[in-house]
Amino acid sequence: MIPPSTPQTMTSKVSNHSKETPGARKHPDVTLLDRWILGILVVGLLVIPALTGRDAIHPPYDESRLIAIREVSPDYLFLGNSMLASRIDHRALSQRLGGAKSVSFTLGGVFSPHWYLWLKNDVIPSGIRPRRVFIFFREDDLTSPYRSVSQPDDIKNLLRASRGKEEELERVLAQHRDFKEAIEHILMQIYPIQLKHSDMSWLLDSWAFVPILPGYGKAVLARMIGEKETPQQYQRFLEARRRFKEDLRYRLFKPSELRPMNSESGTRGVKVTEEPFNFYSRLPNSLLPEMIRLNRQHHLNLVFFMVKPRPGGDGTIQQPKALAAYTKDLKQWLEDNGAGFYDSNPDLFPGPDDYYDQWHVRDEVKEKFTQYFIDSLPGYFNGSTP
Amino acid sequence: MIFHSIDFLIFLIIVFMVYWQLPNNGQKVFLLLAGYIFYGYVHPWFLILLLASTGTDFFAGLAISRYNHWKRAILFVSLSFNLGLLSVFKYFGFFTQNINWLLNVFDLPTVQYAIMVTLPVGISFYTFQSISYTIDVYRGRIVSCRNPLHFALYTSFFPQMVAGPIERAQALLTQLESRRRFSPRQIQDGLFLIIWGFFKKLVIADNVAPIVNNIFQLQSPPFFVLWVGAFAFTIQVYADFSGYTDIARGTARLLGIELTINFNHPFLAHSPPDFWRRWHISLSQWIRDYLYIPLGGSLCSPQRYFFNIMVTFFLCGLWHGASWNYILWGLYHGLLITGHRLMSVLFTGIAWPWRMPLALKRLFMFLFAMIGFLIFRETDIAHLMRDFSLSPLNDSFQERQYALFLFVKVATYGLPLWLHPFFAQKIVPCFKENRRQLLKSVIAVLLFTTTLLLRSHVTVDFIYFQF
């Protein structure tokens with residue numbers, strides 16, 4: 001007789017399970033207390049983290065950029081991300097331009113939302129008008145505002161660059177959120193404790209500095225218990241900490257010490273296909289019109305500099321057709337609307353050996369790049385270009 | 001579909017809400033559908049392989065029960081099919097490269113191939129799970145399953161299908177067939193496991209991962225920095241894999257199913273055999289029952305025992321990946337096991353080193369495991385050889401500072417992994433049942449809040465997905 005479908009063990013030798021099969025175990029009686037405890041757990045999970053860290057939604061406005069502009073009163077201002085940070089050497093720029101003053105505002109991985117807010121809330125209110133404001137970008141950064149604004153640290157930086165509710169920014173970002181991103185956005189509003197991520201990471205890092213910097217632990221504890229005045233020694237610790245991290249990044253993990261990256265590392269940000277990749281269809285849902293409006297209204301003298309990726313062995317870039325068409329339209333539109341534009345893709349410099357990955361130029365090349373930058377845009381430095 | 005995604009969160013909520021509204025048979029059909037959606041979410045064509053493996057072993061099981069004279073041949077067909085799938089999708093490139101290398105040595109024409117094969121996620125796990133069923137039917141340990149729905153559910157139960165635990169039919173199939181009752185305590189335990197799993201994955205593993213990646217990207221790391229990298233990877237792989245398992249077990253518990261415990265505090269292991277009783281338990285028991293014991297186990301001559309252990313661990317290493325470093329890792333553990341056995345024999349009747357304090361034994365075992373994980377992580381053999389040739393005397397003071405900083409950072413993230421057994425074994429059992437549940441609820445809320453606060457926002461795939 002063929003036994004029923006239930007598999008039965010013919011021996012009692014079962015691997016690492018307990019002697020009784022879980023399926024056969026009697027479930028304990030469900031008590032009211034069990035339900036209450038489950039209810040407390042669910043409510044606790046939903047409510048307690050939501051109540052924690054709510055001050056993170058309204059962080060204080062970060063005045064450091066505004067203060068820097070007023071203190072330096074720069075002739076040339078640069079906005080960008082690591083594309084900029086790896087390319088411009090301000091000392092070389094100043095030497096070359098007869099002592100002209102310049103300042104860069106960069107944050108790794110940020111794009112047009114941050115640049116827009118820096119223009120609107122820092123450059124314009126400062127009252128200072130540099131001769132030129134250069135924005136370094138790559139490919140379609142200017143019309144892809146949602147790239148890199150979903151991470152808590154980026155959102156926190158955006159909030160700190162905001163003055164209250166930024167309606168235009170929110171309108172544009174909302175256009176770009178898909179269903180999943182919309183849920184993530186809602187979860188970020190419900191659980192703003194996530195915005196304190198960088199603060200906690202900083203604190204955890206501090207713990208790792210304690211054996212490296214004698215006395216640092218005590219200084220951090222003193223800060224944590226709310227010392228109002230910052231002792232000078234604490235500032236020295238901060239400086240030593242910053243230098244250690246820079247050493248770690250640029251000496252231990254120096255790009256030339258790394259194993260060769262494959263050509264796809266740090267690949268281009270844009271997914272370009274030959275299907276419509278149209279500048280004009282993307283323009284209305286970007287912050288570019290607003291940036292140009294601010295440029296016109298406040299005479300900011302904006303110049304957009306398009307950086308290029310690492311070229312092939314012959315020094316040339318093979319831009320997809322769609323991106324080339326996009327760039328042409330972008331250039332036309334910016335120039336028609338009173339802004340400057342430079343596309344460095346056709347230039348032979350930097351060459352393949354000047355990069356340490358697909359996009360970032362090596363530290364040793366910064367000075368040379370700065371000279372090349374000035375030479376490429378002479379009209380913007382000698383005043384011949386309006 | 002990956003666990004740490006909004007997609008899975010929405011998926012799980014829907015599955016949970018609908019599942020408990022359905023009658024018993026409805027639950028099974030629904031779970032099967034959920035499993036196929038889960039598995040085919042990113043690459044639907046992978047479902048073809050899963051269905052093929054499921055169909056082959058279901059009919060193989062039936063045929064073995066019915067045609068006793070042919071059972072060996074039927075088993076052979078089933079094994080060939082499953083191992084064939086693995087060979088093609090996982091090992092084809094590796095075998096071809098090595099054959100070509102050998103042919104080159106003898107100046108013979110090499111094999112040319114133009115196909116690039118994508119490794120289907122979870123193939124190593126579900127094929128092994130399927131194989132265990134067929135072998136158990138062959139051996140008469142279980143009776144073949146006659147219901148295709150039940151069997152399909154056994155091979156496609158979504159919480160565990162892509163990265164284990166590798167479940168035996170006796171345990172999982174029985175539960176899938178039985179009626180499940182909604183239990184608040186089980187739901188609470190399930191939620192706790194899920195939260196703890198996510199904490200391990202998102203806070204510990206994913207925050208340690210960039211440190212590991214940076215160190216292992218160095219051409220020639222300093223000695224202490226390299227070993228901090230090995231330590232960090234040991235933390236990462238344990239937190240990552242055990243985190244996945246806990247999420248899988250917790251999810252299963254939400255559905256009224258109990259999965260195998262796959263890790264039992266492996267960092268508390270005091271010897272190599274003890275380590276393998278605690279690490280990836282479902283795999284180690286699989287290879288014990290289906291490889292090691294059939295080869296003869298330990299009930300044989302010392303030479304045969306050595307052979308059995310080394311073959312078993314060779315295949316264990318190979319299972320992890322088509323690369324020589326995984327094989328070396330397996331062989332290394334084989335040597336540890338045989339070395340331990342040899343020492344037991346040599347030191348019989350002599351107290352030392354067996355009188356060594358437990359803490360010291362655990363420390364030594366952890367260091368041995370760490371060496372193994374260095375081999376596991378370093379896929380380039382030339383770099384591996386160089387790693388083992390480094391000397392601590394060549395490190396500058398600054399390099400030691402870097403190593404110390406990175407070590408403290410990694411150890412801080414990894415601290416909960418050492419606190420967990422202390423809490424689980426010493427603190428929590430002190431409380432009575434209901435207070436214990438309340439305590440676990442409080443800990444769950446704290447863990448969830450900490451996860452939100454400290455989670456890494458760089459998406460890192462689960463390490464064992466690549467196997």
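Predicted model: local features only at pLDDT ≥ 70, side-chain atom pairs only at ≥ 80, totals over all residues.
**Briefing: the interface of chain B and chain A**

Across the interface of chain B and chain A, five residue pairs are found in polar contact, with both residues of each pair at pLDDT 80 or more. Helix 1 (6-19), helix 7 (169-177), helix 8 (184-215), helix 11 (281-295), helix 16 (397-427) and helix 17 (433-454) of chain B each bring at least two residues to the side of chain B that touches chain A.

**The interface**

- On the side of chain B that touches chain A, helix 17 of chain B gives the most, with eleven residues.
- Sorted by kind, the residues on that side of chain B comprise 32 nonpolar, 22 polar and 15 charged.
- In terms of contact, 69 residues of chain B meet 66 residues of chain A.
- The size of an interface is often expressed as the accessible area that is lost when the parts come together.
- Between chain B and chain A the buried area is about 6,400 Å², and carbon and sulfur atoms account for 68% of it.
- Of the area that chain B buries against chain A, 11% comes from B:Tyr402, B:Phe405 and B:Leu453, which is more than any other three residues supply.

**Helix 8 and helix 17 of chain B**

- Helix 8 and helix 17 of chain B have axes that come within 9 Å of each other and cross at roughly 30°, and this crossing is left-handed.
- From helix 8 of chain B, the residues that make the contact include B:Phe192, B:Trp196, B:Phe199 and B:Leu202, while those from helix 17 of chain B include B:Ile443, B:Ala444, B:Leu447 and B:Phe448.
- The residues of this contact between helix 8 and helix 17 of chain B divide into twelve nonpolar, seven polar and four charged.

**Salt bridges**

- Over all chains the count of salt bridges comes to 32, and three salt bridges are found across the interface of chain B and chain A.
- B:Lys409 and A:Asp205 meet through their side chains in a salt bridge, at 2.9 Å from N to O.
- Within chain A, the side chains of A:Asp140 and A:Arg282 form a salt bridge at 2.7 Å from N to O.
- This pair links distant parts of the chain, 142 residues apart, with A:Asp140 in the loop between strand 3 (132-138) and helix 6 (152-161) of chain A, and A:Arg282 in helix 12 (residues 279-282) of chain A.

**Backbone details**

- Most residues other than glycine have a negative phi, and most peptide bonds are trans.
- In chain A, the peptide bond that joins A:Phe349 and A:Pro350 is cis, with omega about -10°, and A:Pro350 lies in the loop between strand 5 (340-343) and helix 15 (366-376) of chain A.
- In chain B, a cis peptide bond with omega about 0° joins B:Gly164 and B:Pro165, and B:Pro165 lies in the loop between helix 6 (148-155) and helix 7 of chain B.
- A:Glu139, a residue other than glycine, has a positive phi near 45°, and its place is in the loop between strand 3 and helix 6 of chain A.

Technical notes:
Residues numbered from 1 in each chain as written. Chains lettered and ligands numbered in written order. Heavy atoms only, no water. Contact = heavy atoms within 4.5 Å. Buried area = accessible area lost by both parts, 1.4 Å probe. Salt bridge = Lys/Arg side-chain N within 4 Å of Asp/Glu carboxyl O. Polar contact = N/O pair within 3.5 Å; in protein donor to acceptor, adjacent residues only side chain to side chain. Helix = DSSP H or I, 4+ residues; strand = E, 2+ residues; numbered from the N terminus. Nonpolar A, V, L, I, M, F, W, Y, C, P; charged D, E, K, R; others polar. Axes fitted to C-alpha atoms, helices over the stretch in contact; angles between N-to-C directions. Left-handed = near helix turned anticlockwise from the far one by under 90°.
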